[in-house]
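Reader: Could you take me on a close look at a single part of this model? I would enjoy one connected walk through what surrounds it.

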Amino acid sequence: MASVMVRYMPINSTPHASDEHYFESSNDVSQNICGSEKGKETEEIMSRLCYPSEIQLHVGPSKKGGKYKNNKKDGTKKGASIPTWMPVDFVPPESMIIDEMHAKIAAYIFAADNVKYLTGDEVLIKLQWMVGKRSSLKTLMPTKHVHRDVLNMLVCNLTEEEHYIDGSTSTAWFLPTMFAQYALDNETYPDTVMEMYRGIFMGKVEFVRKIFVPISDESVHWYLLVIDIDKSKLILLDSLQIESRRERRKIQVRKVTERPDIAGFTLIEHNGIGHQLPTSNDSGIWVANWMKDYDWDDEYDILNVRTLQRITTASRMRLAIDLVLNEQNEFRADVIKRAEKTWKGFQQHRETIMKAIFGGN
């Protein structure tokens, strides 16, 4: 029998596409702030970036009754998986506990791009202040640097959750990545930056306990600033502490916090919290987990044996699935339908190829 080259094509509904990501401030100004271009300063950081391991599934503590409780959801069962023949770039690790719907969502998010069917421009997430494309979610594949839109989608979800639980008396503020970028551009005054995002991401000042600020270093590494109001501390959480970058990151933190009411806070580099695997590019995942799990916990220890937390390839997959299936996603139901249709399209295409090769009705 002659050899046959099989190329699977996703059969998909018309994608919901957008020409650009948008992020509306309280002044109705569309934001899409890019990080700086990679240059010589990134070389040392890049030299430390590599492959994550699959230690175990991330299972974190409940987030005070919110949507991010843990990864073992009611109704899930072992055994659901993505067939190896499907053209998918990233599949759930065997350690993950997922159901059939999660498998189909994962297959749709991480399906191999094809110019005719799936391009990456499909909009999978629509929130009140931004949209998220499949291409952004695909940066959650192992070893890839997490795109700022992924962190911003999480920030929007956490902010909405805080507002739902506490309203204007929310005790935790989660700020988008553009906040720090604006504060560091040397062109925008700190007070102006605060006003840009006050109406969306902040509540009443008298109730806030912690403010979470993700910061990008040369667009290749993420770290997190936690402003602890109760303890008058600026806590720098960094999963990849490079000696030559430490002073620069501390200077960035001071620049971001140039306000009379917090400028005098003590700056602390939180040590003993574990670190990302060398060259894993997992910094964005560490920042995401710090934000969603530690608004009420002061240990910030992701490698905590008590909570069984680990950052692995499963952590990346779980974040992608959770962002798409979050109740705040206006496209949630539509994406589930698209994922089902794409899955069936894969199966039908395989059946057609098998019949062409082996015959049969």
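Author: Leaving aside neighbours within four places in sequence, Val-88 is in contact with Ile-82, Ala-107, Phe-110, Ala-111 and Ala-112. Please keep in mind that this is a predicted model. Val-88 sits in the loop between helix 1 (43-46) and helix 2 (100-109). Its relative accessible area is 15%, which is under the 20% cut-off, so Val-88 counts as buried. The C-alpha atoms of Val-88 and Tyr-108 are 8.0 Å from each other, although 20 residues separate the two along the chain.

Let us follow helix 2 from here. Its axis and that of helix 10 (residues 332-358) come within 9 Å and cross at roughly 80°, so helix 2 and helix 10 are roughly perpendicular to each other. On the helix 2 side, this contact is made by Met-101, Ala-103, Lys-104, Ile-105, Ala-107 and Tyr-108. Helix 10 brings Val-335, Ile-336, Arg-338, Ala-339, Glu-340, Thr-342 and Trp-343. Sorted by class, the contact of helix 2 with helix 10 has nine nonpolar, one polar and three charged residues.

Helix 9 (residues 313-325) is another partner: the axes of helix 2 and helix 9 come within 10 Å and cross at roughly 100°. Helix 2 and helix 9 are therefore roughly perpendicular to each other. Here Met-101, His-102, Ile-105, Ala-106 and Ile-109 of helix 2 meet Met-317, Arg-318, Ala-320, Ile-321, Val-324 and Leu-325 of helix 9. The contact of helix 2 with helix 9 divides into nine nonpolar residues, one polar and one charged.

Definitions and conventions: Residues numbered from 1 in each chain as written. Predicted model: local features only at pLDDT ≥ 70, side-chain atom pairs only at ≥ 80, totals over all residues. Heavy atoms only, no water. Helix = DSSP H or I, 4+ residues; strand = E, 2+ residues; numbered from the N terminus. Buried < 20%, exposed > 50% of the residue type's maximum accessible area, 1.4 Å probe, protein only. Contact = heavy atoms within 4.5 Å. Axes fitted to C-alpha atoms, helices over the stretch in contact; angles between N-to-C directions. Parallel < 35°, antiparallel > 145°, perpendicular 65-115°, else oblique. Nonpolar A, V, L, I, M, F, W, Y, C, P; charged D, E, K, R; others polar.
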